[in-house]
Amino acid sequence: MTTVGVVKTRFLDLPEPLPLDCGRELRSVRVAYETYGTLAPDRDNVILVCHALSGDAHAAGIAAVPPQEGTREGFEKSLGWWDGMIGPGKAFDTDRWFVVSTNLLGGCRGTTGPSSADPATGEPYGPDFPVITVADMVRCERAFLAQLGIDRLAAVAGGSLGGMQALQWAIDHPSDVGAIVVIASTHALQPQGVAWNAIARESIQRDPDWQGGRYYGTGRSPDAGMGVARMVGHITYLSAPGLAAKFGRRLQSGADIRYTISEPEYEVESYLRHQAASFVRRFDANTYLYTSRALTYFDLARDHGSLEAALEKVQARTLLISFSSDWLYPPAASREIADVLTGLGKPVANHVIDAPYGHDCFLLEEARQTPIVRDFLEEKNS
């Protein structure tokens, strides 16, 4: 199968202030986005793809401007983070669907976030950026699509934090969404996930170079803390069997240990350092803080009184995909959503894929997800 070709990221400025759950509003919000495929004359073939915490608008194809670092390990840097799923003949078939991908609110890859200039001061927002929620991200996406003249979506799809956005879309805009595809996600992060995210944020904020979030233009940035945050986050995306299969206890420099504290002895240690170094070159530390907090705030039962009350609002057909080895977003969470939707008489399909790679399966197991997603979307038009 082919890619969608060379794609240029575009930008759109929202004409109106964006109200936020925290009670504040953002003015002059800019949204970075890409599109793939052709918009139908009736504008009824639009699929919105939402990315995970560290993703961006470049979901498919080859970036017109090559990035310094790619979003996926082991792939060409210019290739979109979900290229295996988006394109001609793929899960989100661009011969049929017009796929839209945006960088989420609070991002650092083109959409307004903490590193953006505050129109009131001309300086980066830094810690003055308002605290945001997943509902705010969806509110921004809804306002953005309105500017494109798109009133209704055939589907909203995403993995991890992207799946949370898909659920939020179906609840906040039930008549505007035909279907949602929720992959490796949940209605509320488990306490262990909340805890690991807290450790990642602490590592950034305890780095002296964070400077209270006002590090822009100082020549110093919290790379050390951000690197540790990435190491922590990356380990939560993997599984014990997956790590054992990939690295075992292999030494980095040969057959014997070197009796060192400061240097990596094991391949897995070297791997984590590499992950940290590449991540800090492409991602903003404040954006990590804000999006991580938004992810942990997401709790449909708390926001609506119960999960049943939240999902009662859903009109969209729902596809849930989870992975057997994903302990961060376990299959049990998807099963709970499916059980509630079924009890409410809502159309839902729930699939568990047996795979060893942990949470990263939603990026690595594209071939096994493709027929499930394609059949689900085809059913909508049958």
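Is Q211 buried, partly exposed or exposed? I will come back to that after a word on the model.

This is a predicted model, in which local features need pLDDT of at least 70 and side-chain atom pairs count only at pLDDT 80 or more, while totals for chains, interfaces and linings use all residues. Residues are numbered from 1 along each chain as its sequence is written, and side-chain values use heavy atoms, leaving out hydrogens and water.

Now Q211. At 25% relative accessibility, Q211 counts as partly exposed; the class lies between buried, under 20% relative accessible area, and exposed, over 50%, with a 1.4 Å probe and protein chains only. Q211 sits in the loop between α3 and α4. Helices here are DSSP runs of H or I with at least four residues, strands are runs of E with at least two, and both are numbered from the N terminus. The phi of Q211 is positive, about 55 degrees, although Q211 is not a glycine. Most residues other than glycine have a negative phi.

S160 is another non-glycine with a positive phi, about 60 degrees. S160 lies in the loop between β11 (155-159) and α2 (161-172), and is buried, with a relative accessible area of 5%.

Next, helix α3. Its buried residues are G193, N197, A200, R201, S203 and I204. Viewed down the axis of α3, they fall within an arc of 155 degrees, so they line one face of the helix; the arc is taken over directions from the helix axis to the C-beta atoms. The cover over the buried residues of α3 includes α4 (223-236) and α7 (285-297), where contact means heavy atoms within 4.5 Å.
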